[in-house]
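Dear colleague,

I am passing on the structure we spoke about, and below it I have set out what turned up when I went through it. Please read the notes with the coordinates open beside you.

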Amino acid sequence: MASLALRINIVDQNNVKTMQFEPNMIVYDACKMIRERIGENPAQGQDYGLFLADEDPKKGMWLENGRTLEYYLLKPGDLLEYKRKMRPLRVKMMDGALKTVLIDDSHTVDQLVKAVCNRIGITNDEEFSLVVEEEEMAAAAAAAKRAQPTAVRDQKKMEALKKKLHTDDDLHWLSHDKTLRAQGIPENQVLLLRKKFFFSDQNVSTEDPRQLNLIYVQSHDAIVDGTHPCTMEESIQ
């Protein structure tokens, strides 16, 4: 089988090298070979990967370690970037706290939510998701306009209003099966961690003050801005 000559951009060194690979070589072994060629510390290998760039940032992709090079239909002379996958991600909590979490840029949103929840001690991560902060703010403003100005509301009107409202609070939740890059999220974007699914109160421990506070703040804001309409009596219970 003919070897495959690829140009490898060593981003940390700002240097491009042409290297020969076997087309059926898996990406993990290709990265190992690159590390040996450039004299990189093997212990740092798990933080690095191969990235296939594209003019459209959404179409750029990280090569999966278990895939072969030929799987990506690479041609002789194609350029791959060998660079660090780990980067900081800023995540805002519903109570306004801002956390910086080190993430793997090649991971899907589902994996990132697990990492963020694990960092702050939330165990039921499957009930949480991420949304772009600007979209959350715009949705809150739109919900406030929908809210009726009077404090007393007829129950029938409340039920009709609830049916008109969107169950996702008008937010564009990030897709869990895609990476942030594939969804056009820039690296400097602040994301908001919100509770998306409310399966059961049994999933929330009274001994978990962190999560209780986040849920309280989210519920409070939703009632105040009209996203979750309720009567005055219901709101003060």
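Does Lys85 count as buried or exposed? This is a predicted model, and in it Lys85 has a relative accessibility of 10%, which is under the 20% cut-off, so Lys85 counts as buried. The residue sits in the loop between β5 (79–84) and β6 (86–92), and, neighbours within four places in sequence left aside, its contacts include Gln46, Asp47, Tyr48, Trp62, Asp104 and Asp105.

Asp105 also forms a salt bridge with Arg87, with 3.0 Å between the closest N and O atoms. This pair links distant parts of the chain, since Asp105 lies in the loop between β7 (98–104) and α2 (109–120) while Arg87 belongs to strand β6, 18 residues apart. Asp105 is buried at a relative accessible area of 7%, and Arg87 is likewise buried at 6%.

Another salt bridge brings together the side chains of Arg181 and Glu187 (3.7 Å, N to O), and salt bridges with shared partners join Arg87, Asp105, Arg181 and Glu187 into one network. Within that pair, Arg181 is buried at 18%, whereas Glu187 is partly exposed at 48%. The whole structure holds eleven salt bridges, among them the one between Glu81 and Lys83 (3.1 Å, N to O).

Turning to strand β8 (residues 128–132), five of its five residues are buried: Phe128, Leu130 and Val132 point one way, and Ser129 and Val131 the other. Strand β8 runs antiparallel to β9 (residues 191–195), to which five bridges join it, and Ser129 has Arg194 as its bridge partner there.

With best wishes

Note on methods:
Residues are numbered from 1 along each chain as its sequence is written. This is a predicted model: local features need pLDDT of at least 70, side-chain atom pairs count only at pLDDT 80 or more; totals for chains, interfaces and linings use all residues. Side-chain values use heavy atoms; hydrogens and water are left out. Helices (H or I, at least four residues) and strands (E, at least two) are DSSP runs, numbered from the N terminus. Buried means under 20% relative accessible area, exposed over 50%, partly exposed in between (1.4 Å probe, protein chains only). Contact means heavy atoms within 4.5 Å. Two strands pair if DSSP finds at least two bridges between them. A salt bridge is a side-chain nitrogen of Lys or Arg within 4 Å of a carboxyl oxygen of Asp or Glu.
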